Amino acid sequence: MPKTTRRMIAILGIGTFLVVSLLFLTYHFVIGPQGLKTSLPTLSSTTVGENKACVECHQKDNPGIVEQYHDSKHSGRGVQCLDCHKPVSGQETMTKDHYKVSVIAKPSPKNCEQCHKDEVKQFEDSNHAAKSWYSVEGAKNFTPEELAKNHLLDANGKPVGGGNANPVFNLIGKDVSAQSCEVCHAIGQKNQDGSFGDCTKCHLRHTFDVTQARQPETCGQCHLGPDHPQIEIYNESAHGAYYQANKEKFNMDAPAGTLTVKDFPAPTCATCHISAFGSVPGTHDVGQRLNWTLTPETASIRKDGAAHQQTMNAVCLNCHVQPFIDDVMSKADKTIDLTNQNVKKGKSIVQDLSDTGLLGTKPFGTPLDFLYFELWHHEGRRARFGAVMGGADYVNWNGIYEQQKALVEMQAQADALKAKH
Ligand code: HEC
Ligand code: HEC
Ligand code: HEC
Ligand code: HEC
Ligand code: HEC
Ligand code: HEC
Ligand code: HEC
Ligand code: HEC
């Protein structure tokens, strides 16, 4: 073989080796075993124009924000900082000049709406939006149009429930409320642009993912405690026990709209109340699957309750047979009835005293006011929630038992008051 041919072969050999190595390295470090992520470009190529400056500067001072954004589906799909932080119509008063670019500090559902119309509409129709803010603040922050649009006017056109701030809000005072009522109820806060709500309560910024929203702990930030212990009830239910013991079997990041029993062998809060599951379509209106209104003094059936119940039933049917579900629901109805009867008894004790002028007119002025309040607001609700979501301890020891005890205490106090006068 001539020398030049041998050299050619050597060069070809080395060349082939280099090309193969390069291909291997590209596969290993750039493409990866998941395939080429054309839909998930690297951060530098997703931030263009003015957004590039946002990332570069905030990367230095607040790398956490950029890191969370980088982890989000948004960054993979080329949604940029300014897609959310650029003012839209109605946000003129929120707009600031920020390093020569007009931005808003607090994007609202109005900004999300540009791309997520359905979710925003469903959320706005739900009690998580304006209703939630109204429950704490009353009508004072609402325009007449907002009250009408959000079903916050009664049959006589007056604000529902009179429209005053909640008596417990007044009891604890405005300053403290900013760190209590208003933190949880800000899920429906009134924003400066007139919209209601805060999507980041479930889709924490800047990851904005479904994974977190599907975890019971996310709902449990607010749905806990003596008056609405849904997370505690879930944790003691068979569903919660299954979830705690088998977390790794849950496919938490499956794309929305594709969830089945293969992804979720047992339900979380979101499965029953929000997610698309099997053939049941998803909704951001958490009232859409509820038959009962369980929070007021007396629980009652909702308008369109039967249709809502069918949807919830269809969720259960993925994993249980109809007779099983009917049995659970009919037992729950009986417990709910009993809580209503107990509240009625308590109310007549209080009514009797106030009719004879023995109770003051100041809200929460006597120990009896607290006993009656907790009879429905804590114990009654707890038993109801336990009944519909599988929390036996909440039906019994934290619920009906406490109600029976309170009724005896209330009667004794009422008798003592009457004897004194
Ligand atoms: C040169 C650096 C720099 C650039 C460029 C920059 N920021 Fe900032 N940004 C800051 C600093 C520093 C703060 C802290 C608050 C302040 O000083 O205004 C901040 C605050 C913010 C806030 C919170 C404002 C508030 O009032 O709470 C938002 C939102 C924000 N930046 C978004 C952006 C967006 C979107 C871009 C791109 C259009 C951007 N920033 C570009 C440095 C920068
Ligand atoms: C999908 C919409 C969205 C995108 C994209 C987005 N943000 Fe935000 N950002 C928000 C929302 C919502 C808030 C919270 C507003 C509030 O406080 O109510 C926020 C808050 C902020 C804040 C102030 C709050 C804090 O934690 O200090 C800064 C700063 C900020 N964003 C910067 C950025 C930067 C930089 C980018 C791009 C890398 C970016 N954002 C991309 C929606 C977005
Ligand atoms: C410019 C358009 C745009 C804006 C504005 C926008 N998004 Fe998105 N969002 C997208 C796209 C695109 C996706 C990815 C959809 C997909 O992969 O199916 C997405 C996905 C999501 C997801 C699902 C993520 C997952 O894990 O599957 C959530 C949650 C979300 N957005 C919330 C928000 C919220 C909250 C806001 C407002 C603060 C917002 N988005 C603003 C375009 C946008
Ligand atoms: C830890 C979070 C949290 C705090 C703090 C909180 N709430 Fe709530 N509140 C909730 C949740 C969650 C519900 C929904 C319960 C349900 O539907 O079962 C609720 C329901 C209500 C309702 C019932 C709505 C109705 O009409 O049916 C009212 C009224 C209310 N809260 C007022 C207040 C007031 C006033 C305060 C402060 C004194 C307050 N809340 C503090 C989370 C909270
Ligand atoms: C009470 C918690 C909660 C709030 C508040 C919330 N979401 Fe969601 N969101 C969820 C859950 C849970 C899912 C996952 C649904 C599923 O599993 O099918 C989701 C899914 C989504 C998706 C993906 C849907 C799809 O079909 O790809 C988008 C987009 C979204 N949310 C936007 C928003 C916007 C915008 C807001 C504010 C207006 C918002 N969300 C407020 C709980 C919430
Ligand atoms: C930031 C606090 C917060 C978080 C997080 C939250 N909620 Fe709520 N939720 C509330 C408040 C407040 C209300 C009561 C609104 C009212 O009527 O005043 C409520 C009411 C509800 C209701 C009753 C709705 C109705 O029509 O009466 C359901 C069901 C519900 N939430 C489910 C969920 C689920 C499921 C999650 C998690 C995916 C969740 N919530 C996350 C605060 C929260
Ligand atoms: C197995 C399904 C299932 C799971 C899991 C579940 N719930 Fe429920 N939930 C129900 C049913 C059924 C009702 C009563 C429905 C009705 O009104 O007929 C209910 C009622 C409620 C209510 C009462 C609404 C009212 O009328 O005041 C709230 C709030 C709520 N759930 C929140 C949650 C939260 C938060 C979690 C997780 C910690 C959760 N749920 C887990 C099925 C479920
Ligand atoms: C994704 C599947 C799934 C869905 C949806 C589901 N469940 Fe379950 N359920 C389970 C699993 C798993 C268990 C635990 C089985 C066991 O303990 O043997 C369970 C247990 C129960 C139990 C306790 C049974 C016992 O013998 O202790 C009740 C009651 C129950 N479910 C009611 C419901 C109701 C009512 C619904 C709808 C509102 C529902 N489930 C929705 C999977 C599901």
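Some conventions. This is a predicted model, where local features need pLDDT of at least 70 and side-chain atom pairs count only at pLDDT 80 or more, while totals for chains, interfaces and linings use all residues. Residues are numbered from 1 along each chain as its sequence is written, chains are lettered from A and ligands numbered from 1 in the order in which they are written, and side-chain values use heavy atoms, with hydrogens and water left out.

Back to ligand 5. Of the 20 residues around it, meaning those with a heavy atom within 4 Å, Cys199, Cys202, His203, Ser275 and His284 come nearest. A polar side-chain atom of Ser275 is 2.6 Å from an oxygen atom of ligand 5. The side chain of Arg214 has an N or O atom 2.7 Å from an oxygen atom of the ligand, and that of His203 has one 2.8 Å from a nitrogen atom of the ligand.

By element, with helices (H or I, at least four residues) and strands (E, at least two) taken as DSSP runs numbered from the N terminus, helix H8 (117-125) and helix H14 (210-213) each give at least two residues to this shell. The largest share, three residues, is from H8.

Next, ligand 7. Which residues come nearest to ligand 7? Of the 23 around it, they are Cys269, Cys272, His273, Trp292 and Met389. A polar side-chain atom of His273 sits 2.8 Å from a nitrogen atom of ligand 7. Polar backbone atoms also take part: one of Asn291 is 3.0 Å from an oxygen atom of the ligand, and one of Leu294 is 3.0 Å from an oxygen atom of the ligand. By class, this shell has 14 nonpolar, eight polar and one charged residues.

Last, Asp285, in the loop between H18 and S3. Its side chain reaches the backbone nitrogen of Gly287 at 2.9 Å.

Terms used. Polar contact = N/O pair within 3.5 Å; in protein donor to acceptor, adjacent residues only side chain to side chain. Nonpolar A, V, L, I, M, F, W, Y, C, P; charged D, E, K, R; others polar.
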